[in-house]
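Good morning, and thank you for coming.

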Amino acid sequence: MSQATIRPRPMPQVRPITFDDLGKAVRAGVSDFRRAPRFGLFFGGVYFVGGWIMWLLLNWAEAPWLMLPLALAFPLMGPFVAVGLYDVSRRLAAGQRLDWSSVLGVVFEQRKRELGWMAFVTLFICFIWFYQIRTIMVLTLQNMSFSSTEGFLKVVFATPEGLTFLCVGTLAGGLLAIVLFSVTVVAIPLLLERDRDFITAIITSVKAVTTSPAPMIGWGLTVTALMMVSILAGFLGLLVALPVLGHATWHLYKRAVVPET
(Lines give C-alpha, C1' and ligand atoms only; values in the text may rest on other atoms or scores of the structure.)
Protein backbone atom coordinates (compact mmCIF):
# COMPACT_ATOMS: atom_id res chain seq x y z
CA MET A 1 0.00 0.00 0.00
CA SER A 2 1.26 3.46 -0.85
CA GLN A 3 1.13 6.18 1.68
CA ALA A 4 0.02 9.68 0.74
CA THR A 5 2.82 12.20 0.86
CA ILE A 6 2.06 15.20 3.06
CA ARG A 7 3.56 18.26 1.47
CA PRO A 8 3.89 21.49 3.43
CA ARG A 9 2.19 24.54 2.01
CA PRO A 10 4.64 26.83 0.23
CA MET A 11 5.65 30.05 1.94
CA PRO A 12 3.94 33.20 0.70
CA GLN A 13 6.12 34.93 -1.87
CA VAL A 14 7.07 38.60 -1.58
CA ARG A 15 8.05 41.01 -4.33
CA PRO A 16 9.99 44.28 -4.23
CA ILE A 17 8.08 47.53 -3.88
CA THR A 18 9.14 51.09 -4.62
CA PHE A 19 8.30 54.53 -3.28
CA ASP A 20 5.91 54.80 -6.22
CA ASP A 21 4.04 51.84 -4.75
CA LEU A 22 3.78 53.75 -1.47
CA GLY A 23 2.19 56.68 -3.26
CA LYS A 24 -0.29 54.43 -5.04
CA ALA A 25 -1.14 52.67 -1.77
CA VAL A 26 -1.82 56.01 -0.05
CA ARG A 27 -4.04 57.17 -2.91
CA ALA A 28 -5.94 53.90 -2.76
CA GLY A 29 -6.28 54.34 1.03
CA VAL A 30 -7.75 57.82 0.59
CA SER A 31 -10.15 56.44 -2.04
CA ASP A 32 -11.33 53.64 0.27
CA PHE A 33 -11.89 56.12 3.10
CA ARG A 34 -13.98 58.34 0.83
CA ARG A 35 -15.98 55.35 -0.41
CA ALA A 36 -16.76 54.06 3.08
CA PRO A 37 -16.30 57.00 5.47
CA ARG A 38 -18.63 55.70 8.17
CA PHE A 39 -16.42 52.66 8.77
CA GLY A 40 -13.24 54.73 8.75
CA LEU A 41 -14.63 57.27 11.21
CA PHE A 42 -15.90 54.47 13.45
CA PHE A 43 -12.53 52.69 13.76
CA GLY A 44 -10.70 56.02 13.98
CA GLY A 45 -13.15 56.99 16.73
CA VAL A 46 -12.26 53.86 18.69
CA TYR A 47 -8.64 54.99 18.72
CA PHE A 48 -9.65 58.58 19.52
CA VAL A 49 -11.75 57.52 22.53
CA GLY A 50 -9.05 55.09 23.68
CA GLY A 51 -6.45 57.88 23.66
CA TRP A 52 -8.57 60.16 25.80
CA ILE A 53 -9.42 57.37 28.23
CA MET A 54 -5.70 56.67 28.63
CA TRP A 55 -5.01 60.38 29.23
CA LEU A 56 -7.79 60.67 31.83
CA LEU A 57 -6.62 57.54 33.66
CA LEU A 58 -3.06 58.88 33.84
CA ASN A 59 -4.31 62.16 35.27
CA TRP A 60 -6.47 60.27 37.77
CA ALA A 61 -3.37 58.28 38.79
CA GLU A 62 -1.43 61.59 39.10
CA ALA A 63 1.12 60.38 36.55
CA PRO A 64 0.39 62.47 33.43
CA TRP A 65 4.10 62.45 32.51
CA LEU A 66 3.71 58.78 31.56
CA MET A 67 1.77 59.99 28.51
CA LEU A 68 5.04 60.61 26.64
CA PRO A 69 6.35 57.02 26.67
CA LEU A 70 2.82 55.69 26.20
CA ALA A 71 2.25 58.00 23.25
CA LEU A 72 5.41 56.65 21.62
CA ALA A 73 4.04 53.10 22.00
CA PHE A 74 0.49 54.08 21.04
CA PRO A 75 1.03 53.89 17.24
CA LEU A 76 2.42 50.38 17.62
CA MET A 77 -1.07 49.12 18.52
CA GLY A 78 -2.64 50.67 15.44
CA PRO A 79 -2.54 47.55 13.24
CA PHE A 80 -4.99 45.72 15.49
CA VAL A 81 -7.50 48.56 15.43
CA ALA A 82 -7.02 48.60 11.64
CA VAL A 83 -8.14 44.98 11.16
CA GLY A 84 -11.65 46.19 10.41
CA LEU A 85 -10.27 48.68 7.92
CA TYR A 86 -8.35 45.91 6.16
CA ASP A 87 -11.58 43.98 5.79
CA VAL A 88 -13.38 47.04 4.42
CA SER A 89 -10.66 47.49 1.76
CA ARG A 90 -10.81 43.79 0.94
CA ARG A 91 -14.58 43.94 0.46
CA LEU A 92 -14.39 47.10 -1.64
CA ALA A 93 -11.82 45.51 -3.96
CA ALA A 94 -13.95 42.37 -4.30
CA GLY A 95 -17.14 44.35 -4.94
CA GLN A 96 -18.81 42.88 -1.85
CA ARG A 97 -21.56 44.61 0.08
CA LEU A 98 -20.50 46.50 3.19
CA ASP A 99 -22.55 46.15 6.34
CA TRP A 100 -21.73 46.46 10.03
CA SER A 101 -22.55 42.87 10.98
CA SER A 102 -20.18 41.44 8.37
CA VAL A 103 -17.26 43.77 9.07
CA LEU A 104 -17.52 43.61 12.87
CA GLY A 105 -18.11 39.87 12.64
CA VAL A 106 -14.76 39.45 10.88
CA VAL A 107 -13.06 41.58 13.56
CA PHE A 108 -14.48 39.52 16.45
CA GLU A 109 -13.76 36.26 14.63
CA GLN A 110 -10.02 37.01 14.77
CA ARG A 111 -9.92 36.09 18.45
CA LYS A 112 -10.30 32.43 17.37
CA ARG A 113 -7.58 32.62 14.73
CA GLU A 114 -3.81 33.13 14.63
CA LEU A 115 -4.16 36.90 14.91
CA GLY A 116 -4.50 36.43 18.65
CA TRP A 117 -0.90 35.23 18.77
CA MET A 118 0.17 38.35 16.90
CA ALA A 119 -1.54 40.42 19.59
CA PHE A 120 0.53 38.56 22.18
CA VAL A 121 3.76 39.29 20.25
CA THR A 122 2.87 42.99 20.03
CA LEU A 123 1.97 43.28 23.70
CA PHE A 124 5.17 41.46 24.67
CA ILE A 125 7.31 43.95 22.73
CA CYS A 126 5.33 46.86 24.20
CA PHE A 127 5.94 45.52 27.73
CA ILE A 128 9.64 45.36 26.93
CA TRP A 129 9.41 49.03 25.84
CA PHE A 130 7.73 50.07 29.11
CA TYR A 131 10.27 48.27 31.31
CA GLN A 132 13.11 49.53 29.16
CA ILE A 133 12.02 53.17 29.39
CA ARG A 134 11.58 52.81 33.14
CA THR A 135 15.09 51.38 33.49
CA ILE A 136 16.62 54.11 31.32
CA MET A 137 14.73 56.72 33.33
CA VAL A 138 16.10 55.40 36.62
CA LEU A 139 19.67 55.22 35.29
CA THR A 140 19.72 58.66 33.67
CA LEU A 141 17.33 60.83 35.71
CA GLN A 142 18.10 59.08 39.04
CA ASN A 143 16.71 61.19 41.92
CA MET A 144 15.06 63.90 39.82
CA SER A 145 11.38 64.31 40.64
CA PHE A 146 8.46 65.59 38.57
CA SER A 147 4.76 65.44 39.35
CA SER A 148 3.35 66.84 36.13
CA THR A 149 3.77 66.65 32.39
CA GLU A 150 5.25 70.16 32.35
CA GLY A 151 7.79 69.22 35.02
CA PHE A 152 8.76 66.07 33.16
CA LEU A 153 9.24 67.93 29.86
CA LYS A 154 11.32 70.60 31.62
CA VAL A 155 13.62 67.95 33.10
CA VAL A 156 13.93 66.08 29.79
CA PHE A 157 14.65 69.08 27.55
CA ALA A 158 16.45 71.45 29.95
CA THR A 159 18.94 69.25 31.82
CA PRO A 160 21.96 67.17 30.69
CA GLU A 161 20.49 64.10 32.35
CA GLY A 162 17.18 64.65 30.57
CA LEU A 163 18.84 64.99 27.19
CA THR A 164 20.78 61.78 27.83
CA PHE A 165 17.52 60.04 28.70
CA LEU A 166 15.92 61.40 25.54
CA CYS A 167 18.75 60.25 23.26
CA VAL A 168 19.18 56.79 24.78
CA GLY A 169 15.42 56.22 25.06
CA THR A 170 14.79 57.33 21.48
CA LEU A 171 17.52 55.04 20.14
CA ALA A 172 16.35 52.02 22.12
CA GLY A 173 12.69 52.71 21.36
CA GLY A 174 13.46 53.17 17.68
CA LEU A 175 15.13 49.77 17.47
CA LEU A 176 12.16 48.09 19.13
CA ALA A 177 9.77 49.98 16.86
CA ILE A 178 11.63 48.70 13.77
CA VAL A 179 11.41 45.14 15.10
CA LEU A 180 7.69 45.42 15.82
CA PHE A 181 6.97 47.11 12.50
CA SER A 182 8.89 44.42 10.62
CA VAL A 183 6.99 41.53 12.20
CA THR A 184 3.50 43.06 11.87
CA VAL A 185 3.27 45.30 8.77
CA VAL A 186 2.49 42.41 6.42
CA ALA A 187 1.70 39.70 8.97
CA ILE A 188 -1.59 41.13 10.24
CA PRO A 189 -3.30 41.70 6.86
CA LEU A 190 -1.94 38.32 5.68
CA LEU A 191 -3.52 36.53 8.66
CA LEU A 192 -6.79 38.29 7.98
CA GLU A 193 -6.85 37.21 4.33
CA ARG A 194 -5.26 33.76 4.48
CA ASP A 195 -5.52 30.74 6.75
CA ARG A 196 -1.85 30.64 7.76
CA ASP A 197 -0.02 30.33 11.07
CA PHE A 198 1.41 33.41 12.75
CA ILE A 199 5.03 32.20 12.44
CA THR A 200 4.65 32.02 8.66
CA ALA A 201 3.07 35.47 8.71
CA ILE A 202 5.94 36.94 10.76
CA ILE A 203 8.58 35.42 8.47
CA THR A 204 6.76 36.78 5.41
CA SER A 205 6.48 40.22 6.99
CA VAL A 206 10.18 40.38 7.86
CA LYS A 207 11.05 39.15 4.36
CA ALA A 208 8.89 41.90 2.83
CA VAL A 209 10.77 44.53 4.85
CA THR A 210 14.22 43.15 4.07
CA THR A 211 13.35 42.81 0.37
CA SER A 212 12.43 46.51 0.13
CA PRO A 213 14.05 48.10 3.21
CA ALA A 214 14.02 51.75 2.13
CA PRO A 215 10.34 51.98 1.06
CA MET A 216 9.16 49.84 3.99
CA ILE A 217 11.09 51.74 6.66
CA GLY A 218 9.97 54.95 4.97
CA TRP A 219 6.39 53.78 5.32
CA GLY A 220 6.93 52.97 8.99
CA LEU A 221 8.37 56.44 9.65
CA THR A 222 5.48 58.03 7.76
CA VAL A 223 2.91 56.15 9.82
CA THR A 224 4.65 57.02 13.09
CA ALA A 225 4.98 60.72 12.18
CA LEU A 226 1.33 61.06 11.13
CA MET A 227 0.13 59.22 14.21
CA MET A 228 2.23 61.39 16.52
CA VAL A 229 0.94 64.60 14.88
CA SER A 230 -2.61 63.28 15.25
CA ILE A 231 -2.02 62.54 18.94
CA LEU A 232 -0.52 65.99 19.58
CA ALA A 233 -3.68 67.47 18.04
CA GLY A 234 -5.69 66.12 20.95
CA PHE A 235 -6.11 62.71 19.25
CA LEU A 236 -8.53 64.42 16.86
CA GLY A 237 -6.38 63.70 13.81
CA LEU A 238 -6.78 59.97 14.42
CA LEU A 239 -10.33 60.16 13.06
CA VAL A 240 -8.90 60.60 9.56
CA ALA A 241 -5.23 59.54 9.79
CA LEU A 242 -5.90 56.06 11.19
CA PRO A 243 -8.45 54.95 8.57
CA VAL A 244 -6.43 56.33 5.66
CA LEU A 245 -3.24 54.66 6.93
CA GLY A 246 -5.12 51.43 7.62
CA HIS A 247 -6.59 51.24 4.13
CA ALA A 248 -3.22 52.20 2.62
CA THR A 249 -1.43 49.46 4.58
CA TRP A 250 -3.81 46.88 3.12
CA HIS A 251 -3.05 48.03 -0.41
CA LEU A 252 0.68 48.03 0.37
CA TYR A 253 0.37 44.44 1.58
CA LYS A 254 -1.37 43.47 -1.67
CA ARG A 255 1.55 44.98 -3.61
CA ALA A 256 4.25 43.39 -1.46
CA VAL A 257 2.90 39.82 -1.22
CA VAL A 258 2.20 37.69 -4.28
CA PRO A 259 -1.46 36.49 -4.39
CA GLU A 260 -2.15 32.82 -3.71
CA THR A 261 -2.84 30.64 -6.74
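Predicted model: local features only at pLDDT ≥ 70, side-chain atom pairs only at ≥ 80, totals over all residues.

Let me begin with a definition: the expected span of a helix is 1.5 Å times one less than its number of residues. Helix H2 covers residues 37-60, that is 24 residues, and should therefore span 34 Å.

The mean pLDDT of the protein is 83, and 87% of its residues reach 70 or more. Confidence is highest in helix H1, residues 19-35, at a mean of 96, and lowest in helix H3, residues 67-73, at 61.

Which residues of H2 are buried? They are Phe-39, Gly-40, Phe-43, Gly-44, Gly-45, Tyr-47, Gly-51, Met-54 and Leu-58.

We now turn to helix packing. Two packed helices are described by the angle between their axes and the distance between the axes. For H1 and H2, the angle is about 100 degrees and the axes are 5 Å apart. Angles of 65 to 115 degrees count as roughly perpendicular, and H1 and H2 are therefore roughly perpendicular to each other. Phe-33, Arg-34 and Arg-35 of H1 meet Pro-37, Gly-40 and Leu-41 of H2 in this contact. By type, three of the contact residues are nonpolar, one is polar and two are charged.

My last pair is helix H7, residues 115-141, and helix H9, residues 160-184. Their axes come within 9 Å and cross at roughly 170 degrees, so H7 and H9 are roughly antiparallel to each other. The residues of this contact comprise 16 nonpolar, eight polar and one charged.

Terms used. Residues numbered from 1 in each chain as written. Heavy atoms only, no water. pLDDT = per-residue confidence, 0-100. Helix = DSSP H or I, 4+ residues; strand = E, 2+ residues; numbered from the N terminus. Axes fitted to C-alpha atoms, helices over the stretch in contact; angles between N-to-C directions. Parallel < 35°, antiparallel > 145°, perpendicular 65-115°, else oblique. Nonpolar A, V, L, I, M, F, W, Y, C, P; charged D, E, K, R; others polar. Buried < 20%, exposed > 50% of the residue type's maximum accessible area, 1.4 Å probe, protein only. Contact = heavy atoms within 4.5 Å.
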